[in-house]
Amino acid sequence: MINYAPIALFVYKRLDLTKQAVESLQRNNLAKVSRLYIFSDAAKSDADAEQVDKIRQYISSIDGFAEVTVIAASKNQGCANSIISGISKIFEQYEKIIVVEDDLIVTPNFLDYLNSALDYYAGTNIFSICGYGFALHFAENDNIDVYCIPRGCCWGWATWKECWKKVDWSVSDYSVFKNDRVAQKKFNLGGPDLSRMLGHQMKVKTDAWDIRLWYAQSKLGMLTVYPKISKVDHIGWGPLSTHCKNNLNFKITLDDTNKTTFNFSDKIEINRDLLNQFTYYFSIPYRIKNRLRNYISRFFTSLRHT
């Protein structure tokens, strides 16, 4: 039997979104040969208890995979601690992992893509594989299915134990980093918001884990592989979301080919044109443009309901 990576699914209280995420995973070509581990965080307050109970009733009946294991926390851990401890637990037994959160819909070839990429790029300068693909413009004569960026993304991704164990979750060198312009410039190569986000995490201790992961990646000088055609759609914008309350309008085209073989490249390097397109999505001009777009959209929506 091929050694497929286990899937870690993290859920909390959004039942409708969780059902969509699970059903999309069940439609995957490799679902029946993949082990699914579902991590359910406990309610943060009495107000969330009923929703969490409904989630747990639902996930207890999930099938369609080689094996389904539910890990239900007895006390609320928070998003960051739940994910960090959950992935670390999987790595006590496995060497690689696929990670999905409850606000993602994946294509039927999502698992094919991530498992193939995990095998192809194991032991290289790749830190993680992302299933989400941003809307970029690619050269027409390029038949490679992926590109590399010095920044990760937690919207349907995968990595190896060897990379995960190199992360310093306390960011013990932050006092040096915050005064090191060279290190900040290197980190911000993946987006002008990265150093600011890390500073906010260290000062306010927000419930964020991914910024610390990508900081570790930057220190190691490693890259993330992205698909040119996205295998993931993020549907979790809104007030129930922990971090994504405002729609950033990352308009993408989902992969509807269901192809199960992919053209990867031995050339692990950054394409500057693609990097410039990628980092624009995290720039201040894009965020201003997006907020204006959302404001206009809400304005005309309110007019239609008056």
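The mean pLDDT of the protein chain is 92, with 91% of its residues at 70 or more. Residues 239-247, however, have a pLDDT below 50, although this stretch makes 20 contacts in the model beyond near neighbours in sequence. Where pLDDT is low, the predicted coordinates should not be read in detail. The structure described here is a predicted model.

**Overall fold**
- The protein chain contains eleven helices and ten strands.
- A compact globule of 306 residues would have a radius of gyration near 19 Å, and the value for the protein chain, 19 Å, agrees with this.
- Along the principal axes, the C-alpha atoms of the protein chain occupy a box of roughly 55 × 50 × 45 Å.
- Of the contacts between residues at least 6 apart in sequence, 84% link residues at least 24 apart.

- Buried residues make up 51% of the 306 in the protein chain.

- Pro6 is located in the segment before strand E1 (7-11).
- Pro6 counts as buried because its relative accessible area is 3%, where the cut-off for buried is under 20%.
- Although Pro6 and Arg35 are 29 residues apart along the chain, their C-alpha atoms are separated by 5.0 Å.
- Beyond its neighbours within four places in sequence, Pro6 contacts Arg35, Tyr37, Ile90, Tyr94, Lys96, Ile97 and Ile98.

Terms used:
Residues numbered from 1 in each chain as written. Predicted model: local features only at pLDDT ≥ 70, side-chain atom pairs only at ≥ 80, totals over all residues. Heavy atoms only, no water. Helix = DSSP H or I, 4+ residues; strand = E, 2+ residues; numbered from the N terminus. Rg over C-alpha atoms; globule rule 2.2 N^0.38 Å. Buried < 20%, exposed > 50% of the residue type's maximum accessible area, 1.4 Å probe, protein only. Contact = heavy atoms within 4.5 Å. pLDDT = per-residue confidence, 0-100.
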